[in-house]
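Subject: Structure handover

Hello,

Here is the structure for your files. My notes on it follow below the display.

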Amino acid sequence: MAQVTVTIDGKAYRMACDEGQEEHLVSLASRFDRYVMHLKDSFGEIGDQRLTVMAGIMVMDELVELQKRTKGFETEIGTLRKTRDDALTKADKNDAALTGALADFAERIEIVASRLSGRPRQV
């Protein structure tokens, strides 16, 4: 296990993390510290525990909002996929109908051409 020291509200905390995750943990702590500092700037010295709880609630509120947006995006992606699949199915049906119509038309042309030339049509 790796260990790093992070600073939140001017206080150092030694923390353990998986090898290779040190930079990520420091980055997370730095972001959390920004929440704490924002609250401290807004409300002054209201106590470490209260600041930490308020910052945690702010982070959770942001997380919930992002989860809602993600769910909305997933729903939209599902709708877009269904629309795409329906369009592809319709295009396949149209292609099949067009191919059939062209085959019929080609057969008619061959019949007319054989009648005009006086030769029997070969199949």
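A salt bridge here is a side-chain nitrogen of Lys or Arg within 4 Å of a carboxyl oxygen of Asp or Glu. Lys 40 and Glu 45 make such a pair, with their closest N and O atoms 3.1 Å apart. Please keep in mind that the model is predicted.

Salt bridges

By that rule the count comes to seven salt bridges. Besides the pair with Glu 45, Lys 40 meets the side chain of Asp 9 in a salt bridge, at 2.7 Å from N to O. That pair links distant parts of the chain, 31 residues apart: Asp 9 sits in the loop between S1 and S2, and Lys 40 in helix H1, residues 22–43.

How exposed or buried are these residues? Lys 40 has a relative accessibility of 19% and counts as buried, because the cut-off for buried is under 20%. Asp 9 is also buried, at 12%. Glu 45, in contrast, is exposed, with a relative accessible area of 62%.

Another salt bridge joins Lys 11 to Asp 48, where the closest N and O atoms are 3.3 Å apart. Lys 11 belongs to strand S2 and Asp 48 to helix H2 (residues 48–117), so this pair ties together parts that are 37 residues apart in sequence. Lys 11 is partly exposed at 32% relative accessibility, and Asp 48 is partly exposed at 38%.

Which residues are linked in a network of salt bridges? Asp 9, Lys 11, Lys 40, Glu 45 and Asp 48 are.

The hairpin

Strand S1 covers residues 2–8 and strand S2 covers residues 11–17; they pair in the antiparallel sense over seven bridges. Thr 7 stands opposite Ala 12 in S2. Two residues lie between the strands of this hairpin, and Asp 9 takes a positive phi near 55° there. Most residues other than glycine have a negative phi. The value for Asp 9 is therefore worth a check on your side, being positive in a residue other than glycine and belonging to a residue that counts as buried at 12%.

Helix H2

What is the span of H2 from its first C-alpha to its last? The helix has 70 residues and reaches 100 Å, close to the 104 Å expected at 1.5 Å a residue. Among its residues, Leu 51, Ala 55 and Ser 114 are buried. H1 is included in what covers the buried residues of H2. Just after H2 comes Gly 118, with a positive phi of about 80°.

The largest pocket

The largest pocket has a volume of about 200 Å³. Which residues line it? The lining is made of Leu 28, Arg 31, Phe 32, Tyr 35, Val 59, Glu 62, Leu 63 and Leu 66. H1 and H2 each supply at least two residues of that lining.

In short

Asp 9 takes a positive phi in the hairpin of S1 and S2, and its side chain forms a salt bridge with Lys 40.

Regards

How values were computed
Residues numbered from 1 in each chain as written. Heavy atoms only, no water. Pairing = 2+ DSSP bridges. Helix = DSSP H or I, 4+ residues; strand = E, 2+ residues; numbered from the N terminus. Buried < 20%, exposed > 50% of the residue type's maximum accessible area, 1.4 Å probe, protein only. Expected span 1.5 Å × (residues − 1). Contact = heavy atoms within 4.5 Å. 1 Å grid on protein atoms, 1.4 Å probe; cavity = no way out; pocket = protein on both sides within 12 Å on 5 of 7 lines; lining within 4 Å. Points joined across faces, edges and corners; volume = space filled by probe spheres on them.
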